[in-house]
Amino acid sequence: MTSSADARIGLGRGNGKVVLLGEHAVVYGMPAIAAGISLGATARATPSASSSIRIAERRAHAGDGSELITALERIRQELGAGPQQVEVDVEVPLGSGLGGSAAIGVAVSRALLATLGEAETPRRVLAGADAWERVFHGNPSGVDAAAAYAGGCIWFTKEAGPEPLFVDLPLQLVICLAGPPASTKQMVEGVQRLGERRPDLLGKSLAGIESLVKNAKLCIQAGDLSGLGQLMNYNQMLLSGLFLSTPEIERACAVARAAGALGAKLTGAGGGGAVVALCDGSPQTVEEALRAADFAAFSTVVQASVGGLRP
Ligand code: MEV
């Protein structure tokens, strides 16, 4: 993003994300719809004799064998950068399904490219972010990193990558945290094991989710918010059938819907973490109802526009 030619300090930013529909199915090649949110991560990289990284209060140094330093070394190798001292500040709650890890991967990749004096391209930034994500998530579909990079609303498949998605009416979202964070890697592996035991169940669920996502695209493009909300509710039912929901997630969805949300579902890997609710007009009533039910909640808006993807 920015760099100082003298000190070769690089700055980079990545957004957090919500998956509006299609998580997990996207790992199996189905489409997903995701959007960047304003909370994210900012990284500052300075070339140095040996690599180190600080993320909020966590620190790691070259040779300590931690996942954090391994992830930094993988980005460096991918992008061809030398040793770096990297400082990351994060606004998005980590491990909550809001793409914190991908936001950091994108921010660090951008910062490293800036130290190299290289103009960023989606291919380079996403390759760096993918190298980072693979350390923590095994086999990510790439949807989180694409949304972290793009900022706006995207249509994503593993095969074709991200495409901007036109949003006819702004999407007023309330996001709430419904339980302790879950590991994306473990949740994805859980679905894989379920598929090995019950291929029929997984196959039917994936086909159902694919058709919901395709219809949701039409709703977003046409500004049909109540249709979109209903599709989100159906997506939640199918995710629940794959054992990805929890009593807290179900309770948060029920509170949001009772307070007037058009739809509500888990977002990200499930098993805890975040719920996203689509609101009709002002999100305040839904946000207040969730807070009154002891959930941490905040609102964010996906602007009406051609979805993000900077060159
Ligand atoms: C996590 O935000 C989305 C998942 O589909 C995993 C992935 O796509 O890599 C659960």
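1. How many salt bridges are counted between domain 1 and domain 2? In this predicted model, the count is 1 salt bridge. The side chains of Glu 23 and Lys 265 meet in a salt bridge, with 2.9 Å from N to O.

2. The domain assignment places residues 10-164 in domain 1 and residues 171-302 in domain 2, and their C-alpha centres lie 23 Å apart. Contact involves 30 residues of domain 1 and 39 residues of domain 2, while the area buried between them is about 2700 Å², with carbon and sulfur atoms giving 75% of it. Of the area that domain 1 buries against domain 2, 24% is supplied by Leu 20, Leu 21 and His 24, which is more than any other three residues supply.

3. An open sheet of 4 strands is arranged in the order E10-E11-E9-E12, with antiparallel pairing. Strands E10 (263-267) and E12 (296-302) each have a single partner strand, so one side of each is left without a neighbour in the sheet. Neighbouring strands are turned by 25 degrees against each other on average, direction ignored.

4. Within this sheet, strand E9 (residues 171-177) is joined to E12 by 7 bridges, and Cys 176 stands opposite Ala 297 in E12. Helix H7 (residues 225-241) packs on the sheet, where it touches E9, E10 and E11 (274-279), and its direction makes about 45 degrees with that of E10. Helix H9 (residues 284-292) lies across E9, E11 and E12, running at about 160 degrees to E12.

Conventions. Residues numbered from 1 in each chain as written. Predicted model: local features only at pLDDT ≥ 70, side-chain atom pairs only at ≥ 80, totals over all residues. Heavy atoms only, no water. Pairing = 2+ DSSP bridges. Helix = DSSP H or I, 4+ residues; strand = E, 2+ residues; numbered from the N terminus. Axes fitted to C-alpha atoms, helices over the stretch in contact; angles between N-to-C directions. Contact = heavy atoms within 4.5 Å. Domains from an automatic or database assignment. Buried area = accessible area lost by both parts, 1.4 Å probe. Salt bridge = Lys/Arg side-chain N within 4 Å of Asp/Glu carboxyl O.
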